[in-house]
Amino acid sequence: MSHSTVPRSRTEADTTGKSPVASGGATGTRPNRPKAKLSWRLRFRRDRVLLLMTLPAVLLILVFNYLPILGNIVAFEDYDPYASDNGIVSMLHSPWVGLENFQQIFADSAFWSAVQNTLVLFFLQLILFFPIPILLALLINSVVRPRVRALSQAILYLPHFFSWVLVIAVFQQLLGGAGLFSQLLRQHGFDGLDVMTDPNTFKFLVTAQSVWKDAGWGIIVFLAALSSVSPDLYEAAAMDGAGRWRRMWHVTLPALRPVIALLLVLRVGDALTVGFEQILLQRDAVGPGAAEVLDTFVWWNGVRNQDFGYAAAAGLVKGVISLGLVLAANKVAHLMGEQGVYKK
Amino acid sequence: MTPNASAASAPSRRSFLASTAVVAAAVAGGVPLLSACGASDSGSGGGTSQGKGVKKVLPAFVANNVVTPDIPAKNGSALGFTSKLDLATLKTSVPKKLGKGGKVSIMSPFWGSPPKSDNAYYKAMNALIGVDVAWQNQDGNTYDQKLGAVLASSDIPDVVVIPGWNMGGKIPSAIINKFADLGPYLSGDAIKEYPNLAAIPTDAWQRSVFGGKLRGLPQPSPYVTGIVPLYRKDIFDKEGYEIPTSADEFMALCKEITNAKAKRWACLDMKWTAFQAFGVLSGSEKPLGWNLVDGKLINRIETPEYLEALEWTRKLFAAGYVHPDAKLGKSAATDPGPKFAAGEFLIYANNISQWWSRTAEQATQNPAYKIWGMDIFGHDGGNPSLWAEQPAGIFAFISKNASESVIRDALAVANVTAAPYGTKEYMLTNYGVEGTHYTVKNGVPTKTDQGNNEVINAYVMVASPAATIAHPDFPEVAKAQVEWQQRMGAFTKKSSFYGQMITEPSRYTNLGNDFEQLEDDITRGRKKISDMQQAVSDWKSKGGDQLRAWYQKLLDDNGTATS
């Protein structure tokens with residue numbers, strides 16, 4: 001225990017803040033400033049309580065996020081989960097096929113069609129969906145009366161809590177071939193219009209459903225960012241003669257910029273995940289030609305056809321591309337001077 | 001269609017199929033999924049239940065003449081019972097308890113909300129059997145997804161019920177690797193210890209042979225197709241519509257019926273009826289799709305009839321005669337019952353059990369409503385040319401890790417659930433306890449609320465007697481169902497691999513996966529007939545021709561079940 005006194009005094013100096021540093025050169029000779037010089041053991045000793053507190057979360061991540069990564073091994077096998085008494089032992093018994101699954105995937109037109117659908121949907125949603133919560137947040141923020149504001153917020157949040165089954169059923173009742181809208185048209189002598197089963201407009205339909213369901217929910221983060229803008233800034237801008245639009249352009253939007261950049265980076269990382277349940281539910285209505293995305297492709301081949309190796313390979317390809325995308329988007333955010341998701 | 005057809009049998013199956021399973025199967029993958037289901041793969045090289053040695057593992061058949069049916073089975077139909085129920089004359093088919101009081105866990109698909117595990121029905125059944133059955137009921141609609149995971153684990157329940165439509169992909173390989181050989185307990189005369197099991201037709205047992213061993217406890221079903229074109233007889237009579245006798249007449253009738261402005265369409269997706277009318281080989285199980293024509297095996301997708309049936313169905317859609325809901329496809333399609341009752345469409349093809357279940361469902365609130373089945377027409381106005389379905393579709397398997405006493409107890413359960421109509425065991429299995437779960441008035445049993453909550457699925461899933469149709473509440477429906485089966489049975493032929501449980505070699509497992517989807521794309525106008533022709537030629541070059549050779553060898557080695 002004799003060692004412990006020295007480090008403790010150091011840590012105390014360190015944690016009490018910058019005072020030793022601020023007090024100038026007199027204390028500058030004491031080697032207490034740069035954290036990097038603390039040995040691993042000392043830092044461990046200092047932060048042990050904090051580390052202990054993170055332990056459960058780390059364990060969860062290890063068991064449920066990192067351990068399953070090992071399962072990707074089936075992407076290189078002709079995996080048969082029933083080859084032995086349990087699925088994990090089967091991994092060792094299934095024949096190794098190397099990159100064969102990947103070769104097949106890259107030669108599979110259905111896979112490329114799924115990639116294309118996924119990317120088109122992603123860009124559509126980026127253009128048509130992403131700006132809407134920002135606009136809504138600005139709108140809500142400009143509402144002064146608290147009751148109106150609370151009410152409109154509640155109405156906007158609500159659809160987020162509906163399940164996709166419900167949302168699609170509602171769309172079907174309204175816009176389906178026998179839905180309200182079609183019957184209204186027919187009663188007035190026009191032809192019915194079946195939006196739900198038209199493969200050509202399916203991507204817009206899916207985007208519209210997402211907007212209806214989740215745009216309101218998306219405003220929460222922006223509202224939080226807006227509430228942190230100091231009213232002084234608006235007052236000062238108003239004093240300088242800035243009108244409504246100029247205040248929004250020069251005060252509000254700059255305040256939102258880091259949040260927008262952060263969400264954009266996260267969104268790009270998720271680019272290949274465009275809504276599994278929503279699309280799976282409507283896959284048969286328009287056929288896989290229009291509705292197959294990477295996630296449904298993996299589900300169809302893995303769970304439905306039990307071609308686990310093939311599906312795992314497709315999933316792995318998706319994961320690798322997503323990682324690349326998130327790194328690239330983060331880089332772009334840094335170049336634009338934003339924080340992004342992380343910084344070295 | 002086997003899975004659904006099997007369900008058409010008993011009154012209790014009403015609760016199971018009627019309200020729930022058929023709907024579930026139809027929505028979640030029964031009817032439309034059929035072409036994609038079916039036994040397909042084995043980790044080993046595949047095989048059949050028809051091999052020469054297989055005869056030896058089959059159990060002996062001992063008829064169980066407890067009750068004589070009002071309409072005997074003919075042409076592959078079920079047995080029909082149309083008389084009233086008289087509790088006083090019920091027979092006993094299991095005179096002494098065979099259960100040894102052990103504990104048996106059973107995992108089974110369940111459609112609806114499972115009751116509490118200590119409910120009166122389970123208790124009464126367990127007391128009768130002498131076994132403590134612990135049910136692990138799983139949602140039937142997503143059973144395939146759970147099944148794969150459960151079988152991949154090292155800890156599987158003592159008994160697992162697997163419907164034929166959930167035997168896609170690698171499940172057959174799991175069945176061979178994970179479940180016990182019941183041969184020592186049931187083959188030959190050994191089965192006589194379980195008289196109700198011994199009365200299950202041999203056809204159904206033959207289907208229970210996996211990997212050369214007897215592994216399954218079957219639910220027998222009629223081999224006549226289970227898909228009936230059902231129509232609203234009351235509206236047909238009122239409007240003077242006549243039952244069509246050819247594809248053209250059907251089309252003309254649809255034109256007459258359809259009035260979208262008034263929210264009325266002629267029908268739902270009639271693809272399955274089209275396949276029947278045009279004489280297309282069955283798509284319910286992959287082996288049934290092969291048939292020997294002039295010395296060469298032909299697959300259903302290669303036949304001109306297949307394309308004609310799709311083209312005809314496409315015309316129905318294109319002309320706007322099909323209710324828009326049907327365009328949504330199976331996963332988004334809702335229960336057709338309410339819209340059929342509302343008269344939004346007048347014809348739909350579905351399992352024969354709906355003939356009864358829809359009748360019962362509407363009887364009190366909608367007295368005018370009458371649902372009836374129309375005879376399947378030949379596309380050219382002549383007799384239809386129908387193909388037989390498999391004579392058993394749902395199987396219960398016993399884990400290979402189960403001890404002998406557990407296996408004996410599980411067989412004791414099956415011996416009770418397989419009791420024929422007219423016995424006390426049948427009534428308890430299918431209706432529950434009199435007074436608690438059902439009441440009898442004028443010879444018609446009616447389930448109480450408690451009966452409706454507790455007496456669904458579970459025990460009826462384990463093994464059942466020869467296919468039976470008995471509806472004491474609507475005897476005229478039971479009669480019409482059996483007679484429909486017998487009329488259609490007269491036009492039914494058996495294809496080369498009828499009655500066999502065949503597992504294709506794993507490299508061909510996924511060969512035919514996309515055809516069902518393509519069928520739906522074509523009928524709904526998203527793809528062309530030429531796309532199908534292209535897919536068929538791709539199928540041939542990617543392994544279809546090799547698969548043909550594999551089946552040919554199987555046929556050369558083992559012959560057919562019918563010859």
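Mentor: Let us start with G393(B), which is buried because 27 other C-beta atoms lie within 10 Å; a residue counts as buried if 20 or more other C-beta atoms, placed from the backbone, lie within 10 Å of its own, as exposed if 12 or fewer do, and as partly exposed in between. This is a predicted model, in which local features need pLDDT of at least 70 and side-chain atom pairs count only at pLDDT 80 or more, while totals for chains, interfaces and linings use all residues. Residues are numbered from 1 along each chain as its sequence is written, and chains are lettered from A and ligands numbered from 1 in the order in which they are written.

Trainee: In which strand is G393(B) found?

Mentor: Helices (H or I, at least four residues) and strands (E, at least two) are DSSP runs numbered from the N terminus, and G393(B) belongs to strand β16 of chain B, residues 392–398. From G393(B) to Q219(B) the C-alpha distance is 6.3 Å, although 174 residues separate them in sequence.

Trainee: How many residues of chain B are in contact with chain A?

Mentor: Two residues are in contact if their C-beta atoms, placed from the backbone, lie within 7 Å; here 33 residues of chain B meet 31 residues of chain A. On the chain B side, α5 (143–152), α6 (171–178) and α20 (515–523) each supply at least two residues.

Trainee: How many residues of α20(B) are buried?

Mentor: Eight of its nine residues are buried, among them F515(B) and L518(B). The buried residues of α20(B) pack against helices of both chains, including α14 (276–286) of chain A and α21 (529–558) of chain B. After α20(B) comes G525(B), with a positive phi near 80°.
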